[in-house]
Amino acid sequence: MSRQEFEIDHIEQKNNRYEALSVPGIPEIGVGDDIGKIVVERSQEIGGLENNDIVVIASKIVSKAEGRVIEISGIEPSDRALRLSKATGKQVEVCQLILDESTNYIVHGRTIVARHKLGYILTSAGIDRIDD
């Protein structure tokens, strides 16, 4: 069967329209919060979730729910972090966290692209500096 035949025979075409909606009333996320449960419950205000819906969750709230928030004042930077900081202009403690969370990286200007320990390729190894 050719790809064209497969598409015609087995894929129900709808209207090719996409709509983005935010889920209202998501509270401040804390350690141990069940993000999935919160999203399902709060989505009822917009009619609930339907088959084929795509839900996008910001990595920041996942980190908060997992308790992966670190007090930066407790970071002791290595010599390697000092060199990385000098090369990129990033805060030395942030550079240390990037090194701690990555297996390798490349630097392009101020940008650090790193392979996270879990295998993902992310800018700054997924480290996000937040003040809240």
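User: In which helix is the place of serine 85, and what makes serine 85 count as buried?

Analyst: Serine 85 has its place in helix α4; helices (H or I, at least four residues) and strands (E, at least two) are DSSP runs, numbered from the N terminus. The model is predicted: local features need pLDDT of at least 70, side-chain atom pairs count only at pLDDT 80 or more, and totals for chains, interfaces and linings use all residues. Residues are numbered from 1 along each chain as its sequence is written, and side-chain values use heavy atoms, with hydrogens and water left out. Buried means under 20% relative accessible area, exposed over 50%, and partly exposed in between (1.4 Å probe, protein chains only). The relative accessible area of serine 85 is 14%, so serine 85 is buried.

User: What makes the pair formed by serine 85 and lysine 90 a polar contact?

Analyst: A polar contact is a pair of N or O atoms within 3.5 Å; within protein, one must be able to donate a hydrogen and the other to accept it, and residues adjacent in sequence count only if both atoms are side-chain atoms. A polar atom of the serine 85 side chain lies 2.5 Å from the backbone oxygen of lysine 90, so the distance meets the limit. Leaving aside neighbours within four places in sequence, serine 85 is in contact (heavy atoms within 4.5 Å) with Lys90, Gln91, Val92 and Cys95.

User: Where is a side-chain oxygen of aspartate 34 placed at the start of α2?

Analyst: That oxygen reaches to within 3.3 Å of the backbone nitrogen of glycine 36.

User: Why are the buried residues of α2 said to be on the same side?

Analyst: In helix α2 (residues 35-43), the buried residues are Ile35, Ile38, Val39 and Ser43. They cover an arc of only 120° around the axis, which puts them on the same side of α2; the arc is that of the directions from the helix axis to the C-beta atoms. An α-helix has 3.6 residues a turn, so residues three or four places apart point the same way. Helix α3 (59-66) is included in what covers the buried residues of α2.

User: Which residues touch the most other members of the largest nonpolar core, and what makes a set of residues a core?

Analyst: A nonpolar core is a set of buried Ala, Val, Leu, Ile, Met, Phe, Trp, Tyr and Cys residues joined through side-chain atoms within 4.5 Å. The largest one has 13 residues, of which Ala81, Leu84 and Ile98 touch the most other members. The elements giving two or more residues to this core are α4, α5 and β2, and α5 gives the most, with six residues. A second, separate core of five residues includes Ile35, Ile38, Val39 and Ala65.

User: How do you know that β2 and β3 pair?

Analyst: Two strands pair if DSSP finds at least two bridges between them. Strand β2 (residues 111-116) and β3 have three bridges, in the antiparallel sense, so they pair. Arginine 115 has isoleucine 121 in β3 as its bridge partner.

User: What order do the three strands of the open sheet have, and why are β1 and β3 called edge strands?

Analyst: The order is β1-β2-β3, with antiparallel pairing. The edge strands are β1 (102-108) and β3 (121-123), each of which pairs on one side only.

User: How many helices and strands are there in the chain, and what share of the residues is buried?

Analyst: The chain has five helices and three strands, in the pattern α-α-α-α-α-β-β-β along the sequence. Buried residues make up 23% of its 132 residues.
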